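Dear colleague,

Please find the structure below, together with a summary of what was found in it.

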Amino acid sequence: MKTVYFDNAASTRTDPRVLEAMLPYFCECYANPSALHSPAQRARAEIEKSREKIAEYLGAQDASEIIFTSGATEANNTVINAFSGQMLVSAIEHPSVLNTATATQRAHLIPVDESGLVRMDIYAQMLEEVRPQLVSVMLVNNEIGTVQDIDTIGKMAHDAGARFHTDLTQGVGKCKMDLAMRPVDYATMSGHKFYAPKGVGALWVRDGAPFHKFQHGGTHENFRRAGTLNAPGIIGLGKAIEILESDAEEDNARAKAIRERLLDRLFQLPDVRLNGHPSGVPHILSVSFHRTEGESVIINLDSKGICCTAGSACSSGMHLKSQVLTAIGLPDDWLRGTVRLSIGRFNTLEEADLAAEALVQAVSEVRNLAGFAAG
Ligand code: PMP
């Protein structure tokens, strides 16, 4: 049975070109990149090239502003924990921001509207009342694909004397960056969302923004993140970014075509709705099927070789109600029947047809089984 993978927002396949760039750093050039001998320095030189590429892609002022991490979770924890004052975070942040911020007991959640956009009127009021030190709002939401206006949100934060962090994880390869020119102080990303491997990511800290290290130990990363550098991962991250420079446009055009093909077929079913903002990213498609059960649909699809997610991957299997779908005010009888398909570089239109057909069948079967009336 052919596997059709529409779960790219959870993780992407490593691009073979990325893997090829990484391979020499496992068994040939495996020295610790902090050592002084030549093999170590060879790895070190490639790591620094990777830092340059990422800085350039992000539109950072200098490569020294990039800190390599184990992913966006670590990078987000680092930023949030660097602040000891009050903070504002949007109600639909990824758990690595939301739960980290809430754990400080100094976080206030900014509500969003039904499309997932930050409620600017309430945000303005909260800035005045809370006087936060930090505001954190993600660029692209991982469950519904809504893109926030981080220029306005960041400027408002700065005008109120706060620093601004944005989680770029789902926006890399999809949105413009130009960070040095925008009202952003910290940005975070994770390699496996854009065809690099899992377990490597980056944190951008604008030169001059306050910084406190999260992980103590050696002198790595200019005393900012202790731990032996993940040479193959970092080199893969740089290669994945380099590939985006040439492939992202085509990737996004393909995702858009696939998205349209999926929607055309899915909307032939009765009682379907699309979640998120109409001008969201093309690769995330969140659809709710009224009076059905998302998890049963996912299991049914899996038996047909189709991979996707009910709500977000982080909460599936734990029967937790999606905080994002709750925050946009999706009623329970729609929320339960929500499925996220996320499109990637290696998907085809033929796969879209297969997945859409299987999904239509799965929803009908689950509705019939559960005795859900379609009307
Ligand atoms: N932020 C967002 C928006 C994400 O989608 C994810 C991954 N689901 C993360 C942060 C965390 O990334 P990682 O698990 O690779 O650290």
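Asp247 and Arg17 form a side-chain salt bridge, with N to O at 2.9 Å (a salt bridge is a side-chain nitrogen of Lys or Arg within 4 Å of a carboxyl oxygen of Asp or Glu). The pair connects distant parts of the chain, 230 residues apart: Asp247 lies in helix α9 (residues 231-266) and Arg17 in helix α1. Helices (H or I, at least four residues) and strands (E, at least two) are DSSP runs, numbered from the N terminus.

The model is predicted; local features need pLDDT of at least 70, side-chain atom pairs count only at pLDDT 80 or more, and totals for chains, interfaces and linings use all residues. Residues are numbered from 1 along each chain as its sequence is written, and side-chain values use heavy atoms, with hydrogens and water left out.

Asp247 counts as buried because its relative accessibility is 16%, while Arg17, at 36%, is partly exposed (buried: under 20% relative accessible area; exposed: over 50%; partly exposed: in between; 1.4 Å probe, protein chains only). Both residues belong to a salt-bridge network that also includes Glu250 and Arg254. Arg254 and Glu250 form a salt bridge, their closest N and O atoms being 3.5 Å apart, and lie four residues apart in helix α9, about one turn.

Separately, an open sheet of three strands runs in the order β9-β10-β12 with antiparallel pairing (two strands pair if DSSP finds at least two bridges between them). Strands β9 (272-275) and β12 (338-342) each have a single partner strand, so one side of each lacks a neighbour in the sheet.

With kind regards
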